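Here is a short tour for anyone meeting this structure for the first time.

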Amino acid sequence: MQVYLPIAEVSVNAFLLLGLGGMVGVLSGMFGVGGGFLMTPLLFFIGIPPPVAVATEANQIVASSFSGVLAHFKRKTVDLKMGGVLLVGGLIGAAFGVVVFNYLKSIGQVDLLVRLCYVVFLGVVGGLMFIESLNAIRKSRKAGGSPPAARRQRTWVHALPFKMRFRTSGLYISVIPPVIVGVVVGILAAIMGVGGGFIMVPAMIYVLGMPTKVVVGTSLFQIIFVTAFTTMLHATTNYTVDIVLALLLLIGGVIGAQIGTRIGVKMKAEQLRILLALMVLVVCGKLALDLLLQPSELYSLGVSGGH
């Protein structure tokens with residue numbers, strides 16, 4: 001069943017889009033990531049232009065994150081205060097990111113930038129996560145299956161001023177690191193169409209020292225507002241949000257998120273992370289290949305056009 005996407009100006013199979021939305025929804029429920037970092041490249045692969053993929057995906061993340069966060073509210077695993085601090089940074093970053101995106105679009109470099117950002121970020125994040133998960137699994141085996149000790153040691157984060165108490169996370173830390181994490185995530189949401197969960201979740205665990213069970217819900221809570229804001233900016237300045245595409249991805253995403261939340265509860269944290277790391281690396285590899293294989297064709301087109 002082919003549907004025509006008016007803004008993207010391509011026809012795509014509706015069931016393929018529903019399936020992609022569902023798959024990414026499952027991931028967002030399981031890992032607390034918006035899933036955009038996998039969905040946006042998948043949209044490139046099926047022929048959606050990068051500016052449309054980025055802006056529309058930000059829209060779809062709003063819904064799947066909202067669906068995921070409801071499940072976390074029920075379990076009381078959302079730190080609203082921390083979410084609010086992250087959000088302040090996120091909105092600043094998103095506004096800045098859209099300005100950069102629009103400038104690059106005006107000089108015709110946005111497709112390349114988006115793809116390059118993906119290759120670099122997915123490669124780095126996937127690699128680090130994979131190594132870290134392997135180490136965690138090794139440690140838990142050595143310790144006779146007992147979970148690794150909580151990281152409660154003092155770090156540079158604890159030495160910073162402007163401290164605030166985050167009761168749900170059991171933390172008393174400076175608001176500066178969460179705001180910075182928020183800004184970075186906001187910029188990524190605008191330029192890459194991602195919720196930024198794949199950067200925010202590790203940052204919240206390792207930099208801020210938050211307990212893993214609170215991280216997922218809090219990350220989703222912040223992602224909802226940042227991506228909604230990003231979508232609005234893209235829609236009003238770029239006109240690149242494709243409603244038909246967003247709707248199909250959305251329906252799949254909301255159903256998938258509910259399933260993912262249930263699966264996530266049954267699996268160990270290390271297993272979840274290693275699975276996510278592998279998926280990230282696979283998508284990164286495919287994107288890098290596409291970037292390497294494309295220029296030869298583009299170059300020959302340019303030459304023949306010159307004659």
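Before we start, one term: a contact means heavy atoms within 4.5 Å. With that in hand, take the contacts in the chain with a separation of 6 or more: 78% of them are accounted for by residues 24 or more positions apart. Keep in mind that this is a predicted model.

**The overall layout**

The chain has 10 helices and four strands. Of the 307 residues in the chain, 51% are buried.

The UniProt record, an unreviewed entry, lists residues 12-33, 82-104, 116-137, 179-207, 214-233, 239-260 and 272-293 under "transmembrane region". Two of these spans can be checked against the model. Residues 239-260 are 82% helix and 0% strand, with their end C-alpha atoms 32 Å apart. For residues 272-293, the model gives 100% helix and 0% strand, and the end C-alpha atoms lie 32 Å apart.

**The nonpolar cores**

Which residues touch the most other members of the largest nonpolar core? They are Leu-5, Leu-17, Leu-43, Ile-48, Tyr-118, Leu-122 and Leu-245, out of 43 residues in that core. Helix α5 (residues 110-142) supplies the largest share of this core, eight residues. Apart from this core lies another one, made of 20 residues, among them Leu-86, Val-185, Met-204 and Ile-223.

Setting aside residues up to four places away in sequence, Leu-122 touches Phe-37, Gly-127, Val-280, Leu-281, Val-283, Cys-284 and Leu-287.

Now pick up Val-280 from that list, which lies in helix α10 (residues 269-306). Is Val-280 buried or exposed? Val-280 has a relative accessible area of 1%, so it is buried. Beyond its neighbours within four places in sequence, Val-280 is in contact with Phe-37, Leu-38, Leu-122 and Gly-126.

Asp-242 sits in the loop between α8 and α9. With a relative accessible area of 0%, Asp-242 is buried, because buried means under 20%. Leaving out residues up to four places away in sequence, Asp-242 touches Leu-5, Pro-6, Ile-7, Ala-8, Val-52 and Thr-56.

Ile-251 is found in helix α9 (residues 243-266), and its relative accessible area of 43% makes it partly exposed. Lys-105 belongs to helix α4 (residues 80-106) and counts as partly exposed too, at 32% relative accessibility.

| Pair | Residues apart along the chain | C-alpha separation |
|---|---|---|
| Val-280 and Leu-38 | 242 residues | 7.1 Å |
| Asp-242 and Leu-5 | 237 residues | 6.9 Å |
| Ile-251 and Gln-60 | 191 residues | 9.0 Å |
| Lys-105 and Pro-51 | 54 residues | 8.2 Å |

**How the helices pack**

Two packed helices are described by the angle between their axes and the distance between the axes.

Start with α4 and α5, which pack at an angle of about 130° with their axes 8 Å apart. These two helices are therefore oblique to each other. On the α4 side the contact is made by Phe-101, Leu-104 and Lys-105, and on the α5 side by Val-110, Leu-113 and Val-114.

Next come α5 and α6, with an angle of about 130° and axes 10 Å apart. That makes α5 oblique to α6. Here Leu-113, Val-114, Cys-117, Tyr-118 and Phe-121 of α5 make the contact with Leu-188, Ile-191 and Met-192 of α6.

Finally, the axes of helix α6 (residues 176-192) and helix α8 (residues 212-237) cross at roughly 40° and come within 9 Å. So α6 is oblique to α8, and their crossing is right-handed. Gly-182, Val-185, Gly-186, Ala-189 and Ala-190 in α6 meet Gln-222, Val-226, Thr-230 and His-234 in α8.

Terms used. Residues numbered from 1 in each chain as written. Predicted model: local features only at pLDDT ≥ 70, side-chain atom pairs only at ≥ 80, totals over all residues. Heavy atoms only, no water. Core = buried A, V, L, I, M, F, W, Y, C linked by side-chain atoms within 4.5 Å. Buried < 20%, exposed > 50% of the residue type's maximum accessible area, 1.4 Å probe, protein only. UniProt positions renumbered as here; feature names shortened; annotations may be inferred. Axes fitted to C-alpha atoms, helices over the stretch in contact; angles between N-to-C directions. Parallel < 35°, antiparallel > 145°, perpendicular 65-115°, else oblique. Left-handed = near helix turned anticlockwise from the far one by under 90°.
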